[in-house]
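Trainee: Please take a close look with me at one part of this model. I would like to start from a pair of facing residues.

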Amino acid sequence: MYIEKVDKLFSDGRHNAFTDIDIWKGKYYIVFRSADSHASPHEVDSSSKIGLGHITLMESIDAKNWSPFVVMDTRWDDRDPKLLATKDRLYVFATSMHGDGYREASQETLVTYTEDGSSWTDPVSAYRYGYGFWKPKKYDGDYYVAADVDEAPIEASIQEKGRVELLRSRDGLHWQKISVITEGNSCTETSLVFLDKSSLIALIRQKGVQSPLISRHPFSNWDPLMHTPNFGLQGPAAELIGETLLFSCRVRKNIFPDEQPGIARTGIFTMDVASGELHWQLNMPTQWGGDVSYAGILPVGKDRALISYYDGQPYKDGESQQSDIMLATIVVN
């Protein structure tokens with residue numbers, strides 16, 4: 001496996017981060033959050049020196065020349081956008097953080113969509129209040145998404161916090177619960193990948209580490225795979241490229257070293273789907289090695305993938321910082 005090329009797509013001196021990528025009606029789309037900082041306040045406040053996040057979408061017919069525009073901008077902090085491309089619509093889901101302060105805010109997933117690529121609906125709630133969507137996936141005519149929620153009381157321990165549920169939709173707008181994927185350990189960001197017509201893997205961000213989980217149709221029960229990684233899965237993304245399961249998350253230089261600056265990397269792995277073992281392949285190029293990662297993966301044929309990710313300066317609480325949107329072409333061999 002090797003990197004064929006890497007391009008910087010968007011850089012305006014602000015914090016641009018948390019990406020996803022897809023293709024719809026012959027055009028490529030990349031979505032990300034634009035703000036001043038990784039952790040900006042969650043409600044408009046004239047006294048704040050740091051602005052809220054909004055959602056930017058870029059489109060391209062050749063994956064080389066991109067046109068950006070704002071697709072979602074509410075009174076709250078909009079972040080972690082994800083794309084869903086269906087036959088007739090392109091959806092953008094984003095988690096809108098409500099309340100005061102980064103740590104105390106509650107979340108709601110909003111959705112907007114287009115049917116012509118130019119006009120977009122007003123954002124509306126995608127599901128129940130408190131739930132945050134990750135990347136929706138298509139399977140057998142339906143759409144599935146992992147949605148996390150934390151309904152534990154403030155005084156609850158880390159082991160009691162968090163729940164990730166599997167939801168299903170037939171149209172991308174109306175979702176119903178299918179099963180509980182996992183609970184506890186502050187579980188959140190969960191990437192789904194369908195291996196075939198009966199198997200679904202979930203890779204989950206939690207405090208500490210946990211084995212990837214597997215479920216089989218109708219996806220009502222979940223079991224751990226054999227191997228547990230020795231690092232956390234921050235910002236997980238997974239897709240099948242031909243017969244190779246490609247996985248990305250944020251990693252630390254001390255675990256997966258290279259000669260680039262800083263301490264954080266966008267790591268690229270393959271997975272042994274029988275055991276769940278992750279095999280590190282490479283780190284993406286970085287300017288700073290600070291606040292990075294949160295990739296989107298788009299298969300391009302059987303041996304290539306386009307990978308969007310962000311590369312930023314080190315995070316400092318309450319301060320503005322810069323990060324840029326990158327696009328790499330990976331050859332899987």
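Trainee: Which residue in strand 22 does Met271 stand opposite?

Mentor: Met271 stands opposite Leu278 in strand 22. Before we go on, note that this is a predicted model, where local features need pLDDT of at least 70, side-chain atom pairs count only at pLDDT 80 or more, and totals for chains, interfaces and linings use all residues. Residues are numbered from 1 along each chain as its sequence is written, and side-chain values use heavy atoms, with hydrogens and water left out.

Now to the strands around that pair. Strand 21 covers residues 264–272 and is joined to strand 22 by six bridges in the antiparallel sense. (A strand is a DSSP run of E with at least two residues, numbered from the N terminus; two strands pair if DSSP finds at least two bridges between them.) Both strands belong to an open, antiparallel sheet of four, in the order 19-20-21-22. Strand 19 and strand 22 (277–283) are the edges; each has a single partner strand, so one side of each has no neighbour in the sheet. On average, neighbouring strands here are turned by 30° against each other, direction ignored; the axes are lines fitted to C-alpha atoms.

A pocket here is an open set of points on a 1 Å grid where a 1.4 Å probe fits, with protein on both sides within 12 Å along at least five of seven lines; lining residues have an atom within 4 Å of a point. The lining has 17 residues, and Pro136, Lys137, Lys138, Glu239 and Pro299 lie nearest the centre.

Strand 2 also holds Phe18. Phe18 is not a glycine, yet its phi is positive, about 60°. Most residues other than glycine have a negative phi, and most peptide bonds are trans. Phe18 is buried, with 3% relative accessible area (buried means under 20%, with a 1.4 Å probe and protein chains only).

Phe219 also has a positive phi, about 65°, without being a glycine. This residue sits in the loop between strand 17 and strand 18 and is buried at 0% relative accessibility.

Note on methods
Buried < 20%, exposed > 50% of the residue type's maximum accessible area, 1.4 Å probe, protein only. Axes fitted to C-alpha atoms, helices over the stretch in contact; angles between N-to-C directions.
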